[in-house]
Amino acid sequence: MSTVFDLVIHNVNLATMAENDNYGIINNAAVCIKDGQIDTIISEMDKQSGNLETEQAIDAEGRWMTPGLIDCHTHLVYGGNRANEFEMRLEGASYEEIAKAGGGIVSTVKATRETDKQALFDAAAKRLTYLIDEGVTTVEIKSGYGLDLDTEQKMLEVASDLGQYSPVEVSKTFLGAHAVPPEYKEKADDYIDLVCEQMMPALHQKGLIDCVDAFCEGIGFSVSQTQRVFEKAKSLGLPVKLHAEQLSDLGGSRLACEFEAWSVDHLEFLNEQDIPKLKHAGTVATLLPGAFYFLNETQLPPIEALRKHQVPIAIATDSNPGSSPCLSLLLMLNMATTLFKLTPFEALQGVTINAAKALNISHKVGSIAEGKQADLVLWDINSPAELSYRIGGNPCHTVIKKGEVILAKG
């Protein structure tokens with residue numbers, strides 16, 4: 001008996017991202033979906049479409065299809081915004097002056113603590129719609145603007161609710177070690193005690209943590225403090241990732257590799273001698289061009305060395321109110337190519353298969369392959385490179401999540 005598919009998308013050009021070069025292109029193909037998975041990929045030249053039995057068919061009319069995009073580093077859940085600080089900075093105020101005026105991360109912590117759960121959900125859901133509108137089907141969301149147990153829990157519950165009530169999947173990351181809260185000023189070690197002994201175990205017990213992150217930087221936490229966070233995560237069976245080498249080379253990436261971190265993120269000051277450790281640990285280098293642009297940074301990540309050592313490179317929005325108020329992953333593709341000199345193929349890898357690796361889900365998403373989840377996007381483009389080439393405009397035509405059409409514009 002022949003298979004009756006749930007959905008067949010035919011007359012489509014595929015950028016499968018299943019190869020290490022040339023996008024894994026299959027021209028004039030058909031993708032057959034059953035039970036939320038890609039059952040069969042066949043060439044239009046090798047079959048007669050009338051022989052396929054399906055509940056639903058989509059004629060892609062020669063459009064291009066990619067895997068669903070993955071934003072593997074965001075801070076989507078927070079209260080308030082920092083547009084006033086942006087204006088102050090452009091008018092000449094220093095970081096110290098802004099901080100003394102109650103600005104910086106402290107202002108977001110205050111706003112997030114004061115915002116109720118429903119309001120946080122509504123604001124984050126609206127931000128998420130912008131990403132979905134550009135083909136994002138999986139997103140990572142960090143906590144880290146609560147810096148106390150109740151607010152960190154509230155943030156992670158909102159992230160969990162977004163995964164339940166929106167059409168995309170959400171990976172929840174506990175970033176309790178994001179900054180020292182005001183009530184622990186000059187007592188960073190005591191705050192790390194709170195993170196490790198109370199917050200992380202309690203939130204893990206509630207099933208709210210998929211991964212643990214920290215900000216290892218001079219204005220964040222030291223390598224030894226970060227190590228305490230990672231050791232606690234390991235004792236709880238939780239994987240880790242790390243904000244590292246954004247502003248200086250503290251060696252956080254070396255520590256992350258010792259714990260086989262899923263990813264190390266930012267990396268403008270990454271030491272080339274540490275790059276082989278990333279490869280050996282299977283750790284992804286996640287680059288965040290939005291923050292680089294917004295903060296007017298000049299130190300480029302060591303792209304050529306990452307290429308040389310064949311370290312997977314992911315790209316993400318780093319969407320947050322302070323350093324990257326970005327809600328366009330497509331814009332990040334353009335910035336990755338123009339600012340960081342990635343090729344369009346490398347940039348697209350960075351938001352598909354390599355972003356999936358950064359969330360440890362490449363076994364099920366990130367490329368178009370038989371047996372993988374049917375997370376797919378149809379684009380009104382003439383070639384895959386056009387996704388990096390455009391500045392503004394949105395060529396997304398149809399978004400499919402687990403075999404279901406969740407957005408159709410045509």
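Reader: Buried or exposed: which does His266 count as?

Author: His266 counts as buried, at 2% relative accessibility (buried is under 20% relative accessible area, exposed over 50%, partly exposed in between, with a 1.4 Å probe and protein chains only). Keep in mind that this is a predicted model, where local features need pLDDT of at least 70, side-chain atom pairs count only at pLDDT 80 or more, and totals for chains, interfaces and linings use all residues. Residues are numbered from 1 along each chain as its sequence is written, and side-chain values use heavy atoms, with hydrogens and water left out.

Reader: What is the phi of His266?

Author: Most residues other than glycine have a negative phi. His266 has a positive one, about 95°, and it is found in strand S13, residues 263-266 (helices, H or I of at least four residues, and strands, E of at least two, are DSSP runs numbered from the N terminus).

Reader: And where does Met17 lie?

Author: Met17 lies in the loop between strand S2 (7-15) and strand S3 (25-34). Its phi is positive too, near 55°, and Met17 is buried with a relative accessible area of 2%.

Reader: On to the cores. Which residues touch the most other members of the largest nonpolar core?

Author: In soluble globular proteins, nonpolar side chains tend to be buried together. Here the largest core has 91 residues, and Val139, Leu162, Phe174, Met200, Val212 and Val229 touch the most other members (a core is a set of buried Ala, Val, Leu, Ile, Met, Phe, Trp, Tyr and Cys joined through side-chain atoms within 4.5 Å). Helix H6 (residues 188-205) gives the most to this core, nine residues. Domain 1 (5-67 + 368-408) and domain 2 (69-359) each supply at least three; the bounds come from an automatic or database domain assignment.

Reader: What does Leu162 touch?

Author: Leaving out residues up to four places away in sequence, Leu162 touches Val77, Phe121, Ala124, Ala125, Leu128, Ile141, Val168 and Val170 (contact means heavy atoms within 4.5 Å). Apart from this core lies another, of 17 residues, among them Ala29, Val31, Ala374 and Ile400.

Reader: Which way do the residues lining the second largest pocket divide?

Author: The lining divides into eight nonpolar, five polar and five charged residues (Ala, Val, Leu, Ile, Met, Phe, Trp, Tyr, Cys and Pro count as nonpolar, Asp, Glu, Lys and Arg as charged, the others, Gly among them, as polar). A pocket is an open set of points on a 1 Å grid over the protein atoms alone, where a 1.4 Å probe fits, with protein on both sides within 12 Å along at least five of seven lines; lining residues have an atom within 4 Å of a point. This lining draws at least three residues from each of domain 1 and domain 2.
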